Amino acid sequence: MADLVQSTDNSHLPVAIIHRAPNFKFSSSWATDIFTPIEPSDPLYPTHRPSARVIIVMALTPLKSEHLDLYPSVECVIGTTAGVDHIDLAECRRRNIRVTSAGDAFSEDGADYAVGLLIDVLRRFSAADRYVRAGLWPVKGDYPLGSKLGGKRVGIIGLGSIGTLVAKRLEPFGCTIAYSSRNRKSQLPYVFYSNVLDLATNSDTLIVCCSLTDKTHHIINSDVLTALGNRGIIVNIGRGGLVDEKELVKFLVEGKLGGAGLDVYENEPEVPKELFTMDNVVLSPHRAILTPEAFEGVREVMVGNLKAFFSNKPLLSEVNLSD
């Protein structure tokens, strides 16, 4: 992305504070007729900081209480990610600040990636590729067989936008779909389990794509992994904190779990080194939802939310802060 384009001459436009990590580049060229972006480095920042009504949080930049203290007039936080666990939602609720997410902008790409990770773990694409590139085929012979996707019992944790699309993508493979979510989705034909332990007991694979909250932290724990069994597979495209990573590594090392496809980790970018040599584990650097097309979708959602807020209309992707 290009560097931030300052728009200090658009005094007639409403102001939005850009909250981002120093290494995150942001171009505002698409927004020149919607709002004036102001950063702490902007000469006009001291003037606009007390009166700004909107903060745009770029990527996973943490937004904490001490940040909000700087903006006494803020009424809305515009998020640019699917998850909002990096935003202090409790503090926003306390201050009556509305929060938006990226909505469905990342959903299709996230669902594609989840299915791709599952197939890779089952059929060992990445491991077989390494085997060939290392010149081992003519030396050690045929690579060990993987397992088919068809007929697998797939449990989805979090049947929101991404989870629903994962389910729809797996149906043509002949998979049996079940799920655990905050609420039963009566309009969908999948079996609902009110708790993850029962879901794991009745699944061959768990795909984790729910939001990270205090209630879902380590929702995948030792009991769930035990229930899933030594042939079970975990795929996580949500947040690293959804899985007890130490327990997951222990189960994989001891052969008590069949495999894992991981795009997220508890202490990114640190990844447990025990996983590096495991052919039944596929590792990805938190890229499940990221494509150029998804970024374009996020921009459209941001524009829609900003226009809606400044014209006093319903926000497109408001987060329910009462959950």
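Tutor: Arg 98 and Glu 318 form a salt bridge, with their closest N and O atoms 3.2 Å apart; the term means a side-chain nitrogen of Lys or Arg within 4 Å of a carboxyl oxygen of Asp or Glu. Arg 98 lies in strand β5 (residues 98-100) and Glu 318 in the segment after α11 (292-310), so the bridge ties together parts that are 220 residues apart in sequence. Helices (H or I, at least four residues) and strands (E, at least two) are DSSP runs here, numbered from the N terminus. Arg 98 is partly exposed at 29% relative accessibility, and Glu 318 is partly exposed too, at 41%. For those words, buried is under 20% relative accessible area, exposed is over 50%, and partly exposed is in between (1.4 Å probe, protein chains only).

Before going on, keep in mind that this is a predicted model: local features need pLDDT of at least 70, side-chain atom pairs count only at pLDDT 80 or more, and totals for chains, interfaces and linings use all residues. Residues are numbered from 1 along each chain as its sequence is written, and side-chain values use heavy atoms, with hydrogens and water left out.

Back to the bridges: the structure holds 13 of them. Take Asp 85 and Arg 239, whose side chains meet at 2.8 Å, N to O. That pair also links distant parts of the chain, 154 residues apart: Asp 85 sits in the loop between β4 (76-79) and α3 (89-94), Arg 239 in the loop between β10 (233-236) and α10 (245-253).

Next come two helices. Arg 169 and Asp 112 meet in a salt bridge of 2.5 Å, N to O. Arg 169 belongs to helix α7 (residues 161-170) and Asp 112 to helix α4 (residues 107-123), so this pair joins parts 57 residues apart in sequence. Arg 169 is partly exposed, with a relative accessible area of 26%, and Asp 112 counts as partly exposed at 40%.

Finally, have a look at Asp 69, Glu 91, Arg 94 and Arg 95, which are linked in a network of salt bridges.
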